[in-house]
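Have the coordinates at hand as you read.

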Amino acid sequence: MQRGAISRTSVLKAIAEHDELGREAFLSRYGFGKAVSYVLVHEGRDYDSKAIAGVAHKWDQGAVLTADKFSGGREHAAAWLKRLGFEVKAVKNPDWARDEVILACDLVMANRWRGLDASDPRVVELSGLLQLLPLHADADRNDKFRNPNGVARKTFDIATRHPDYRGKPTNGSATDVQVLHEFLARPKEMAETASLIRLGITSGELQSLGPSVDWEADDEYEAPEGRLLMRRHRARERNKGLRKKKIESVLRRGGTLACEACGFDFEEVYGERGTGYIECHHVVPLHEAGEGTTKLSDLALICANCHRMIHRHAPWPTPAQLGMAIEQRRLQDGGGRGPAVVVQQRTDVESQESRSYS
């Protein structure tokens, strides 16, 4: 039996059988439980997506796909049904992303570390803003997604975890506690981060970097400022025009396209295939990088390995800091020239690169 090979016709047959038997009898007959993640929506009615997909196999594959053979989430049932053109929606809303908690914590800090009621205009405003954040796909949201009641609860989750709070804390998440402690440790930077997220959403810049775009860096790289500013950071690094101008600037001043952290030169190692190739890294911290303008001095030319190592864990080292770590490692291992020459090359030219680019 080929898992996932179902047709729209077979799904409609499963829905018809469900309607004939009733939900409880249908689930009992085929050994399925009630949906906990996603439901299929058809003609205004909700159906247990996993059960419908499993029973649909009966007509296409000759046997029901039992509950232990697949999941009801985005990897299996929900994805199959969506692929066939059916509407699928979440049973419960997704966990709060770091970006969302940052905005909520900023509001709580402005309210002297006290929670806010659902009727508070500031909560209503934040609710509307959170619904615009391109972090969660529509299928993962239900009708109560980030409504004022949910936002108000989150402000109390944060406020009751403050060190000065003496009562019993409400239920929250590890992210709530992490973000709260970051606000307490560096309030100015975190407030700047919240401001940039707000500005990016209201201007529409960050909304173009939505969940439909394949941002593989989201889970691979770590940024305390959240995913949205990280996505903008990566988008700027991938700007072909800026990269070209940066390379031209370095070559005009007699530099080489060697990694500013480790000294790796693609042309030297790969010959003609590596000529003109190197990656660009935006060195300005996320909480300081404003909208729309990037100076060439904000960019560093680095190899793919060093680029990934910089982004892998927060706080991100500068290329010079990573270069010094590489140098120390080389010395420990018995020598070899470090990246000092390359770092000096960057120092010599970056002061001349004051022109801004969009």
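Helix H7 gives the most to the lining of the second largest pocket, with five residues. The model behind this is predicted: local features need pLDDT of at least 70 and side-chain atom pairs count only at pLDDT 80 or more, while totals for chains, interfaces and linings use all residues. Residues are numbered from 1 along each chain as its sequence is written, and side-chain values use heavy atoms, with hydrogens and water left out.

**Pocket and cavity**

The second largest pocket has 18 lining residues, and Pro-94, Trp-96, Arg-146, Arg-153 and Lys-154 lie nearest its centre. Two or more lining residues come from each of H7 and H8. On a 1 Å grid over the protein atoms alone, a pocket is an open set of points with protein on both sides within 12 Å along at least five of seven lines, a cavity is a set where a 1.4 Å probe fits but cannot get out, and lining residues have an atom within 4 Å of a point.

| Space | Volume | Lining classes |
|---|---|---|
| Second largest pocket | about 490 Å³ | two nonpolar, eight polar, eight charged |
| Largest cavity | about 50 Å³ | three nonpolar, two polar, two charged |

Volumes are the space filled by probe spheres set on the points, which are joined across faces, edges and corners. Ala, Val, Leu, Ile, Met, Phe, Trp, Tyr, Cys and Pro count as nonpolar, Asp, Glu, Lys and Arg as charged, and the others, Gly among them, as polar.

Leu-229, Arg-232, His-233, Arg-236, His-282, Leu-286 and Ala-289 line the largest cavity. Helix H11 (residues 227-237) supplies the largest share of that lining, four residues. H11 is largely enclosed by the rest of the structure, because nine of its eleven residues are buried (under 20% relative accessible area, 1.4 Å probe, protein chains only). Among those buried residues are Met-230, Arg-231 and Glu-237.

**Around Thr-160**

Thr-160 sits in the loop between helix H7 (148-159) and helix H8 (174-185); helices are DSSP runs (H or I, at least four residues), strands likewise (E, at least two), numbered from the N terminus. Is Thr-160 buried or exposed? Its relative accessibility is 7%, so Thr-160 counts as buried. The side chain of Thr-160 reaches the backbone nitrogen of Thr-170 at 3.1 Å.

**The whole chain**

The chain has 16 helices and seven strands, and 44% of its 358 residues are buried.

Key: Buried < 20%, exposed > 50% of the residue type's maximum accessible area, 1.4 Å probe, protein only. Polar contact = N/O pair within 3.5 Å; in protein donor to acceptor, adjacent residues only side chain to side chain.
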